[in-house]
Amino acid sequence: MADVLVLNAGYEPLHRVSVRHAIHMLVRGVAVVEESVGERTFGPYPLPRVLRLVRYVAMRWRYRRDQAPSCTKAGVRARDGRCAYCGGPADTVDHVLPRSRGGASSWLNLVAACSACNGFKADRTPAEAGMELLLTPHVPDAGWVGAA
């Protein structure tokens with residue numbers, strides 16, 4: 001049996017769930033059957049093909065075209081392409097301002113780095129370690145698709 005489509009209370013498609021999960025939603029009373037599979041039933045419930053939630057659920061989508069993509073390690077490595085300190089192949093990422101000093105895991109504080117440079121820099125800023133950044137961290141454009 002295929003998955004069951006779940007619609008929001010306003011009839012917008014949300015996602016798909018298993019038939020078992022759909023039956024649990026019916027039993028809990030959080031959804032109603034909008035379309036069923038013929039005359040088949042599961043106990044007192046028609047076997048659902050499409051469910052609609054009883055209450056509206058506000059969805060916050062992870063990706064919007066007008067927002068910058070989420071910051072990930074793979075995305076930072078794809079953005080930079082090489083070690084920000086020596087120019088060699090990057091296999092990890094480094095916090096320019098270390099996390100222990102309040103540095104965030106953001107596009108503007110992460111750079112691609114090789115293991116040797118990352119280990120040498122350790123828990124210091126580049127200036128304290130006597131290292132120079134070869135590139136400036138930046139937020140990619142909204143349409144950029146990094147490590148996808």
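Start by selecting Arg82, which sits in the loop between helix H2 (73-80) and strand E5 (92-95). The model is predicted. Arg82 has a relative accessible area of 35%, so it counts as partly exposed, the buried class being under 20% and the exposed class over 50%.

Next, show what surrounds Arg82. Apart from neighbours within four places in sequence, Arg82 is in contact with Gly87, Gly88, Ala90, Ala112 and Leu134.

Now color by secondary structure. There are 4 helices and 6 strands in the protein, and along the sequence they follow the pattern β-β-α-β-β-α-β-β-α-α.

Move to the largest nonpolar core, which has 14 residues. Select Val4, Val17, Met25, Leu51 and Leu53, the members that touch the most other members. Strand E1 (4-7), strand E2 (13-17), helix H1 (19-28), strand E3 (31-42) and strand E4 (45-53) each give two or more residues to this core. H1 gives the most, with 5 residues.

Stay on Val17. Leaving out neighbours within four places in sequence, Val17 is in contact with Asp3, Val4, Val6, Ala22 and Met25. From there, go to a second, separate core of 11 residues, with Tyr85, Cys117, Ala129 and Leu135 among them.

Finally, show the whole protein with its surface. Of its 148 residues, 34% count as buried. The accessible surface is about 9300 Å², and carbon and sulfur atoms hold 53% of that area. Of the contacts with a separation of 6 or more, 56% are between residues 24 or more positions apart.

Conventions. Residues numbered from 1 in each chain as written. Predicted model: local features only at pLDDT ≥ 70, side-chain atom pairs only at ≥ 80, totals over all residues. Heavy atoms only, no water. Core = buried A, V, L, I, M, F, W, Y, C linked by side-chain atoms within 4.5 Å. Buried < 20%, exposed > 50% of the residue type's maximum accessible area, 1.4 Å probe, protein only. Contact = heavy atoms within 4.5 Å. Areas by Shrake-Rupley, 256 points an atom, 1.4 Å probe, with all protein chains shown as cover.
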